Amino acid sequence: MEQENQNNAQHFLNLIQKSRKGKFKVYIGMSAGVGKTFRMLQEAHALLKSGIDVKIGYIETHFRKETHELLGGLPLIPRRTIFYKGKQLEEMDVPAIINLRPEVVIVDELAHTNIEGSKNEKRWQDVVEILEAGINVISAVNIQHIESLNDDVKFITGVEVQERIPDDVLRMADEVVNIDLTADELIGRLRDGKIYTADKIDTALRNFFKPDQILQLRELALKEVAGQVVRKVENEVPKNVALRHEKLLACISSNEHTARIVIRKTARLAGYYNSKWYVLFVETPRESSDRIALDKQRHLINNFKLAVQLGAEVVRVENRHITDSILEVAQQKQITTVCIGKPHLNLFKVILSTSIFNRLLNSLSSSNIDLVILS
């Protein structure tokens, strides 16, 4: 009874704390130039006309004429000046925002990395601090900056984006709005000089702004927002309406590349279903800490860190029988979907040997657990 009272009190405390936090709205787009900043400033003007105390915490217009003109009449909170390596640089002034306590603050470039020496390494961490102070935030980010999409974006564009935000940051949002354009419309804006200056247009057209790449990035953005809508439905629709609550188990080996793919793709699935998920590593005698190569140990630890960052709970067990461990953990955690990687020259090749794989498949099937092989 005492434990139940403590749980009830904690639940009520969580509700109180949640109600004190500011609301969070994020504009998302497939690339630079779709109009995220423009839309944020339009919304700021509309809020101001409605009597809402809205201020600009940080905005980056990139000197785009139409966007820059919208700054007129909007109250700006001055940026703080930082001297770094002999240069005078500017960052968002988080303490000033919290002290002024506007009802709504506009914060652009959510994935931005702050100057070394700042309180927070990333701007998204600044935003969390502002939200926790009870201030509502409207922000923006491009689809390529989402952590679990890093491999997909690299495959599409050939570029590994360095500035990324954890998926959980988007899941914090009360509202996510996609700013959508067709590839032709976006390229038209680029050619008209509405995105970059004339000297950068040809380079952009040869690189990031290719129609096939834009189309694939657009698909990622649409899927992300659709996933956010699904999560909103999950949270707001009575639980008895749902058929079952998904729980995913990502099974990884010490193969660095495959493990990273499995982790990121399972994170996407978990995000889509708004579900709890786990990462399982079965340490066989061949991969005990005193026998596994140091570089493999390091990569394995990094993948555990990635999994935790993306919202997973890591489960590590010692067992010479991988299949047995998968089934045991699946039962313990009430897993609905098991995710494994496409086999390479590693221990998962053993799983897919006929008898063992059939046993795994039959056991999961009888337990109404789905099996997904991620390539």
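**Close-up views of a predicted model**

**View 1. Five strands form an open sheet in the order β2-β5-β6-β1-β7, with parallel pairing.** Because β2 (54-58) and β7 (175-179) stand at the edges with a single partner strand each, one side of each is left without a neighbour in the sheet. On average, neighbouring strands are turned by 20° against each other, direction ignored. Strands are DSSP runs of E with at least two residues, and helices are runs of H or I with at least four, numbered from the N terminus. Two strands count as paired if DSSP finds at least two bridges between them. The model is predicted: local features need pLDDT of at least 70, side-chain atom pairs count only at pLDDT 80 or more, and totals for chains, interfaces and linings use all residues. Residues are numbered from 1 along each chain as its sequence is written, and side-chain values use heavy atoms, with hydrogens and water left out.

**View 2. Strand β1 (residues 24-29) pairs with β7 in the parallel sense over 5 bridges.** Valine 26 has valine 176 in β7 as its bridge partner.

**View 3. Helix α2 (residues 36-49) packs on the sheet.** This helix touches β1, β2, β5 (104-107), β6 (136-142) and β7, where contact means heavy atoms within 4.5 Å. The direction of α2 makes about 165° with that of β6; axes are lines fitted to C-alpha atoms, for helices over the stretch in contact, and angles run from 0 to 180 degrees between N-to-C directions.

View 4. Among contacts with a separation of 6 or more, 74% join residues 24 or more positions apart.
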